[in-house]
Amino acid sequence: KQWYQRRVAITAGEEAIAEEKAAIESLQLAGDIFHIKRELVQIEIEAEYRRRIKTVHTEVKKRLDYQVELENTKKAFIRNHIVAWLEKEVIASISAEQEEANINQCIASLSLLAPSQ
């Protein structure tokens, strides 16, 4: 009977040792799991940072493209306005006598170029 009680006590001690070893391994694995989770969080933070940087880049590019188009439109408007103004002023500066003299000169030039019959 004493022998049996000793054997039971030894078995219980061995089981307790095995449980303690399992608990120690579990704690070591928990540390590894915590480290892995920390790395995953860092990866998620980096991914979100990169997504936001891309969004900022896209939005800034849109605004810059808009500014370039705005400047090009302003330049085109000014150019068209200046051309129209110059054309109007040139036409207004030609007097009726100058126009008639130009037409007569053109007719004379055409008469010289035309073959005589």
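Glu-59 is partly exposed, with a relative accessible area of 30%, where partly exposed lies between buried (under 20% relative accessible area) and exposed (over 50%), for a 1.4 Å probe and protein chains only. The model is predicted, so local features need pLDDT of at least 70 and side-chain atom pairs count only at pLDDT 80 or more, whereas totals for chains, interfaces and linings use all residues. Residues are numbered from 1 along each chain as its sequence is written, and side-chain values use heavy atoms, with hydrogens and water left out.

The side chain of Glu-59 meets that of Arg-63 in a salt bridge, defined as a side-chain nitrogen of Lys or Arg within 4 Å of a carboxyl oxygen of Asp or Glu. Arg-63 is exposed, at 53% relative accessible area. A search of the whole structure finds 7 salt bridges, among them the following.

| Pair | N to O distance |
|---|---|
| Arg-50 and Glu-46 | 2.8 Å |
| Glu-48 and Arg-52 | 2.9 Å |
| Glu-59 and Arg-63 | 3.2 Å |

Arg-50 and Glu-46 lie 4 residues apart in helix H1 (residues 2–93), and are therefore separated by about one helical turn; helices here are DSSP runs of H or I with at least four residues, numbered from the N terminus. About one helical turn likewise separates Glu-48 from Arg-52, and Glu-59 from Arg-63. Salt bridges that share partners join Glu-48, Arg-51 and Arg-52 into one network.

As for accessibility, Arg-50 counts as exposed at 55%, while Glu-46 is partly exposed at 35%. Arg-52 is exposed at 53%, and Glu-48 is partly exposed at 28%.

Conventions: Helix = DSSP H or I, 4+ residues; strand = E, 2+ residues; numbered from the N terminus.
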